[in-house]
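Please open the structure in your viewer and keep the selection panel at hand.

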Amino acid sequence: MGFFYLFLEFGVYMKIIDIIEKKKKGGSLTEQEIKFFIDGIMNGSIEDYQTSALLMAIYFNGMNIDETTWLTKYMVESGEILDLSEISKNIVDKHSTGGVGDKITLMFLPLMAAADIYTAKLSGRGLGHTGGTIDKLESIPNFKTDLSIEEFKEKVKTHKTAIAAQTLSLAPADGKLYALRDVTSTVDIIPLIASSVVSKKVASGADHIVLDVKYGSGAFLKTAQDAEKLSEIMVEVGKRLGRNICAVISSMNQPLGRAVGNSVEIQEVIEFLKGNIESDLKEITFTLAQTAFEKTGKFTSKEEGFKYLEDMITSGKALDKFKEIVESQGGDISIFDDYTKLPQASIKYEVKAEKDGFVKNIDALRIAKACKNLGAGREKKTDSIDYSAGIYLTQKYGEPVCNGETIAVIYTNKEDSIKDAENLVLEAFEISENEPEPISLIYKIIH
């Protein structure tokens with residue numbers, strides 16, 4: 001028996017070596033080889049160092065669309081797959097690749113629910129310089145994001161929407177792979193990003209998937225071309241796995257909206273739903289919502305869809321739906337009338353402009369770094385964050401400024417972080433003599 005066990009172990013070891021060698025030399029892996037790889041990760045027969053070697057081979061030699069699809073398929077099948085068919089055959093999920101001040105999900109969900117479209121959203125916490133939707137929601141006192149699958153499904157059924165922290169039971173192979181990608185510098189490879197995103201979305205059970213793919217200084221992908229390439233692969237893989245999927249590619253060179261942080265972003269979401277709408281937030285949110293309308297057959301006309309969305313806000317229906325979401329998940333709804341019920345920073349510091357002119361650019365990455373230094377972000381998943389920390393941009397792209405005028409307000413409980421944050425904010429603001437031309441944030445939509 002001992003000899004037989006060793007033989008099996010030796011056979012498994014040789015097999016993964018063959019797969020690593022094949023990919024190292026630029027070969028394409030078969031479906032059976034990829035299934036073997038994922039099975040080995042899950043049952044522990046493949047060692048971390050072997051997985052890391054294969055990830056590095058993939059990093060340098062890539063994967064074709066078939067390989068990426070098979071990898072995604074078996075990552076999905078490595079865990080639980082939500083069945084939402086008993087609720088509706090027309091459920092939408094929305095995912096962002098991450099950005100600075102990206103609070104779009106928190107406006108998208110109540111708008112969809114107010115429009116009688118079911119949405120089911122499993123989201124994550126922030127890591128690095130991009131903020132997490134779950135962190136923003138957890139800044140609301142008593143808001144519960146750790147829902148069981150049954151609780152999650154019941155809330156979607158009852159309220160037409162729910163948002164919860166990503167469960168480890170969905171696509172667990174992705175979690176194992178990502179942990180190794182993170183420490184082996186193999187995160188930024190498009191096939192692995194695509195399989196990671198799409199596997200979680202497919203496992204989440206929605207029929208329609210709307211992807212918000214960011215590019216620019218504050219995004220993971222820096223160029224529109226890379227964002228387009230990733231979008232095309234994700235859409236193709238999603239279609240091959242039976243989902244109605246599209247991707248909206250948008251710029252993240254500047255922060256979205258005026259608030260960056262957690263509780264400060266919740267305030268901006270509420271203000272948006274009350275009708276105090278920032279133009280960049282409207283452009284992204286309404287475009288994503290309209291793509292969902294088209295997918296579900298509610299509106300095919302952009303004009304009709306946008307007017308309907310505006311009506312949902314002016315009528316108060318979207319705000320009421322967000323309040324319903326917060327209350328249904330245990331949150332304190334008094335925050336809607338009294339923002340002091342949200343976490344409040346002990347220090348409020350105003351950053352002043354150093355010249356006259358117009359705001360030509362606000363570098364999203366510098367603002368994000370400043371926010372993280374103030375306590376609003378984390379380096380690793382186990383880090384705690386300060387929900388009250390953040391930055392509010394009193395001046396935005398195209399707006400005039402005068403020397404000495406406040407351009408941003410810093411909120412923090414860390415006095416020793418203020419000077420560095422102020423310097424980063426001043427570096428982020430580019431002020432020019434001439435008023436810049438209006439810009440669109442939407443680059444392209446991939447169907």
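Two residues are said to be in contact when heavy atoms of theirs lie within 4.5 Å. Please bear in mind throughout that the model is predicted.

**First stop: a residue and its surroundings**

Select T133, which belongs to helix α6, residues 133-138. Is T133 buried or exposed? T133 is buried, because its relative accessible area is 11% and buried means under 20%.

Now display the open sheet of four strands, whose order is β6-β9-β11-β7 and whose pairing is antiparallel. Select β6 (259-261) and β7 (347-352), which stand at the edges of the sheet. Each has a single partner strand, so one side of each is left without a neighbour in the sheet. From one strand to the next, the twist averages 15°.

Move to strand β9, residues 390-393, and strand β11, residues 406-412. These two strands run antiparallel and are joined by four bridges. Within this pair, select G390 and look across to Y411 in β11, which stands opposite.

Finally, select helix α15, residues 364-376. Helix α15 also packs on the sheet, touching β6, β9 and β11, and its direction makes about 140° with that of β9.

Technical notes. Residues numbered from 1 in each chain as written. Predicted model: local features only at pLDDT ≥ 70, side-chain atom pairs only at ≥ 80, totals over all residues. Heavy atoms only, no water. Buried < 20%, exposed > 50% of the residue type's maximum accessible area, 1.4 Å probe, protein only. Pairing = 2+ DSSP bridges. Axes fitted to C-alpha atoms, helices over the stretch in contact; angles between N-to-C directions.
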